Amino acid sequence: MREPSASFSLAAFAAAAALAGFSPQIFHDADTWWHLASGRWILDHHAIPTHDVFSYTFAGTPWNAHEWLSEVLMAGAFGAAGWTGLHILFALAFGVAAATVAGALRRQMDFVPALLTSIIGLACVAGSLLARPHLLALPLLAIWTTALVKARSRETAPPLWLALVMLVWANLHGSFAFGLALAAALGAEAIIAAPERGRTAKAWGIFVGVSILAALANPQGLEGLLFPIRLLSMPGLATIGEWRPSDLSHPSPLLLALLVMTLVLLTGKVRLPIWRAVLIMALTYLALSHARHAMLFGIVAPLLAAPALGATGPAKTQDIPRWLQPALATLCLLLLLVRLALPAARTDDPVTPMAALAHVPPELRARPVLNTYDYGGYLIDQGVRVFIDGRTDMYSTDFLKNDDRLVAGDAASLAATLARYHIAWTIYPSGSRTAASLDRSLGWHRFYADAHAVIHVRDQPPPPG
């Protein structure tokens, strides 16, 4: 039996799906909660929100729910099987992405280099292995890049059916804009290298044009197409951890990948075409500039470099046991059955103040709250109108900067915010500077506290006279 790449892909799928399907860390992100709430809102109202429906500070402000399809899938999976359903959804997404990348690498490289490249590349996704729309878009990124690189290797334009991937991608996550940029970049590479540049330019131009038209098929049309570009220019992004530069002062998958890449290039055995090297350098810049883009580097860079890496250690056709592929397929099915048999549950964690909120009476919940950024998602899911949450693109830069001052425990900013928004109660992490500042604020007292969260409530005003 001679299908090593298929077995390699199945093994990669099983490993990635197990990692995403059984890791509780995948839910340790505040945005998971509000994405679920948004998906339920869409399903309940049979419409996509165009303005804020979750906060009281920016209620009615235009809001681009550009990840609506991901949110519907998340809400559907949760409705069908709770947290277990979400585990399975994201396990399938990461598994398909890993299988696509690993299979493409194995078809061009021998076993050992393909294995090492797959592991190092996919490890760069570890920091972004969270139950959020970007992970649902990851298989499309892998399929898209694989098809583009394959077309370049064959010196043809990508098939037009690939635009269907863009159609879905543009409604899942804003990373579709990177896909369009990558297509344009590889199209430019094809034109530069082609003997008949006019014909090549026409073929790639048609593909890119059809792909842009497919991306326009979103609820916001042109605004949805331009949204990712506008997002990158928002000053408020600098306040969010994943949009800050990558930290290379400590060991990380990205640091390992960059060191290995440098080592391989210094040997002189791998010769990248100049334009392909420029693209990988651009990916490196993105990964260094924004921590969240390490996953783009981990998925796309190995696929771009695969033809050159394969030239030094080409794939060898080899016999594999006939039982291997059925065994790997059975393993994938068993993982699914085990995940279904072990229901996942949520308890208090750094983004889920479950016990604390349970102590807040309904009449107090209905009044204005001052909450930390990381609690916004859970409060939204529980029907509380929030002060702030993870929809950074909707909140103004000044508002986000003020929230930074609140997090730092600035007493003047805290007093001004409490007065301006007529705050009735607050919820912040135990040990936070904001909670400590509230302890010292006149007219406020601790209402509840546990290992995760602290709730402060405004004192009742004194009686007349």
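Is asparagine 371 buried or exposed, and what is its relative accessibility? Asparagine 371 has 0% relative accessibility, so it counts as buried, the cut-off for that label being under 20%. Keep in mind that this is a predicted model. Here's a quick tour of asparagine 371 and the strands around it.

**Where asparagine 371 sits**
- You'll find asparagine 371 in strand S1, which covers residues 369-371.
- Across from asparagine 371 is isoleucine 427, a residue of S2.

**What its side chain is up to**
- A polar atom of the asparagine 371 side chain lies 2.8 Å from the backbone nitrogen of phenylalanine 387.
- There's also a 2.8 Å distance between a polar atom of that side chain and the backbone oxygen of isoleucine 388.
- Leaving aside residues up to four places away in sequence, asparagine 371 touches Gly376, Leu379, Val386, Phe387, Ile388, Ile427 and Tyr428.

**Strand S2 and its two partners**
- S2 spans residues 425-429 and is mostly covered, with four of its five residues buried.
- With S1, S2 pairs in the parallel sense, over three bridges.
- With strand S4 (residues 453-458), S2 pairs in the antiparallel sense, over five bridges.
- On the S4 side, tryptophan 425 stands opposite valine 457.

Key: Residues numbered from 1 in each chain as written. Predicted model: local features only at pLDDT ≥ 70, side-chain atom pairs only at ≥ 80, totals over all residues. Heavy atoms only, no water. Buried < 20%, exposed > 50% of the residue type's maximum accessible area, 1.4 Å probe, protein only. Helix = DSSP H or I, 4+ residues; strand = E, 2+ residues; numbered from the N terminus. Pairing = 2+ DSSP bridges. Polar contact = N/O pair within 3.5 Å; in protein donor to acceptor, adjacent residues only side chain to side chain. Contact = heavy atoms within 4.5 Å.
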